[in-house]
Amino acid sequence: MIEAQVPAEPSATTHERRPDPVRPRVGLVQHRSRDSQDLDPFFALLVAGMEESLDAAGGVVLVVFEQEGERELEVYARWAREGLVDTVVLTDLSEADPRVDHCRGLGLQVVVLGPEAVEGVSCVIVDETSAVRSAVEHLSGLGHRRVARVQGPLRLRHTVVRAGRFDAELAAAGMTWVVAQGDYSIRSGETATAALLALDAPPTAIVYDNDLMALGGLRSLAEHGSSTPADVSLLAWDDSPHCRLARPALSAVTRDLRDLGATVGSLAVSAAAGDHARIVHVGDVSVVGRGTSGPPPRPVDGARQTG
């Protein structure tokens, strides 16, 4: 059904000023990385896309760095109290995340970016299944049968969802796997990779949940005298300038992050205007092979491991 609003006929005797169009003011909190004081590469591209949609509507986006927990909640309260933003974009939701209800209670509109819908608010849902399948098919097609994942924090819903998708796809492909824990920082990727290389049966390929941890993997390989892809293939999650500028350039799961940001920004514009909550699904994920992915260094068996 298409709805249209028909403007009222102008009065012949009055010349009342029409109200200004809504100019959305959107806030986004990024949790500070231990590796950088700047925007994470993912968020930098996301915000660039958001700005495209917001510019067209005369809106602005405000980005701040803050720690999680009470400090972040205080930021939203200040924004609402001082009228600095009318809409917030929430990412990296955890189980029983308090931010959605907190922001709605402050009178702020909410847009969520994540793997699942949240009742009552607009959501951009990222298709993790097709992304994981693309990664597994890329490595399987190169001949890998024993792989590892360096995943983000398990308190985050998208980490849990992605882990479940990986388990299913790897099992269906008859591959064995092991999981190491990271926190999205370069240092955690370096530490996790060192532990994986020290295993009695190290993986022939490692998938990282973000680009920064994959950069740490490159550092770890250099420190251990190993090379990629001759000794082990590396695959980063979400392509970025860091991936392209690395030496060798990192193979990566890629999606158009600016387009994703533009979708988020479009929903923020609608939310600021008081429109009903909308759900948008985004996909279009692929793998770009660069200098860190190739065939495994030696034949491996196809025995299954639940790990």
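A salt bridge is a side-chain nitrogen of Lys or Arg within 4 Å of a carboxyl oxygen of Asp or Glu. The structure holds 15 of these salt bridges. This is a predicted model, in which local features need pLDDT of at least 70 and side-chain atom pairs count only at pLDDT 80 or more, while totals for chains, interfaces and linings use all residues. Residues are numbered from 1 along each chain as its sequence is written, and side-chain values use heavy atoms, with hydrogens and water left out.

Two more terms are needed for what follows. Helices (H or I, at least four residues) and strands (E, at least two) are DSSP runs, numbered from the N terminus. A residue is buried when its relative accessible area is under 20%, exposed when that area is over 50%, and partly exposed in between (1.4 Å probe, protein chains only).

Begin with Arg133 and Glu169, a salt bridge whose closest N and O atoms are 2.9 Å apart. Arg133 lies in helix H4 (residues 128-142) and Glu169 in helix H5 (residues 157-172), so this pair ties together parts that are 36 residues apart in sequence. Arg133 is partly exposed, at a relative accessible area of 36%, whereas Glu169 counts as buried at 16%.

A second salt bridge joins Arg149 to Asp209, with 3.0 Å between the closest N and O atoms. Arg149 is in strand E6 (residues 146-151) and Asp209 is in the loop between strand E8 (205-208) and helix H7 (211-223), so that distant parts of the chain, 60 residues apart, are linked. Both Arg149 and Asp209 are buried. They also belong to a network of salt bridges that includes Glu128 and Arg162.

Asp239 is buried, with a relative accessible area of 8%, while Arg290 is partly exposed at 23%.

Now turn to helix H2 (residues 70-82). Its 13 residues reach 18 Å from the first C-alpha to the last, close to the 18 Å expected at 1.5 Å a residue, where the expected span is 1.5 Å times one less than the number of residues. The buried residues of H2 are Glu72, Leu73, Val75, Tyr76, Ala77 and Trp79. Among the elements that cover them are strand E1 (25-31), strand E2 (60-66), strand E3 (87-90) and helix H3 (99-105), with contact meaning heavy atoms within 4.5 Å. After H2 comes Gly83, whose phi is positive, near 65 degrees.
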